[in-house]
Amino acid sequence: MIRLQTAAFDPGAELSSFCAGRIESGAVASFVGIARGEGGEATALELEAYPGLTEAEIGKMAAAASKRFSLDDVLVIHRHGAIAPGEPIVMVATAAAHRREAFEACDYLMDYLKSRAPFWKKEHGRGGARWVEPTQRDLDDIARWDEPRESPRAKPR
Amino acid sequence: MRVLLFGRLGDLAGWRERSFDPPPASLTALKALIAAGDDALGAALDGKGVQAAVDKQIVRGDACLAATSEVAFLPPMSGG
């Protein structure tokens, strides 16, 4: 399930409900991304999304991840709008039969979300506001998954 | 026709949503109309990595806009 929302969310409650009722998925992995305060330098993060297109594009990646890692289920919650330091921005949870696929799919989806997902990010700080592009590290992270795979279950470098 | 500008394109134009009636026939014509008299905005719309979406579908190259209800210009995506 893909959720794009302006409202805050409770990662613990979301994870409990994602795990509830699973009998065949032996593994659930999750990641929560939180807005950094940057030692008081960052006052707010503003994430612009394009409702409709943003969920559709994330949905395509979630479907690709489900296939690549044989997931039983996937949850992506992503906020947009103004987000204060300390608040969760994004959560990914993946369910699979075994842990390796769940971990890797979660890692893969986060690398995608941090580098290619349809968001435009503006950081508001003491020195004003600026639009943020993916960092070199974000680009290197997503590039790990692009390499040709020899086995159906890819492992990053 | 509803036109949306995202990210730095919206800041540059000074608006993020505007109606164009009657609608122009193509993306190229729409870009010319948006950028009329503003060379910086025109260059930004044709900038590296800027994509267009027609009715929430990303399109490559030019596109006919006859019965289109919404066009968006998307600067390079930053990720979340």
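Begin with the β7(A)–β8(A) hairpin, in which two residues lie between the strands; helices (H or I, at least four residues) and strands (E, at least two) are DSSP runs numbered from the N terminus. The model is predicted: local features need pLDDT of at least 70, side-chain atom pairs count only at pLDDT 80 or more, and totals for chains, interfaces and linings use all residues. Residues are numbered from 1 along each chain as its sequence is written, and chains are lettered from A and ligands numbered from 1 in the order in which they are written.

Select A:K122 and its bridge partner in β8(A), A:W131.

Next, display the contact between the chains, to which chain A gives 23 residues and chain B 13 residues; contact means C-beta atoms, placed from the backbone, within 7 Å. On the side of chain A that touches chain B, the elements giving two or more residues are β3 (42–49), α2 (53–68), β6 (88–96), α3 (99–115), β7 (119–125) and β8 (128–132) of chain A.

Finally, select chain B, which has three helices and five strands. Traced from the N terminus, the elements of chain B run β-α-β-α-α-β-β-β. The C-alpha trace of chain B spans about 30 × 30 × 20 Å along its principal axes. Among contacts in chain B between residues at least 6 apart in sequence, 53% join residues at least 24 apart.

Technical notes
Two residues are in contact if their C-beta atoms, placed from the backbone, lie within 7 Å. Two strands pair if DSSP finds at least two bridges between them.
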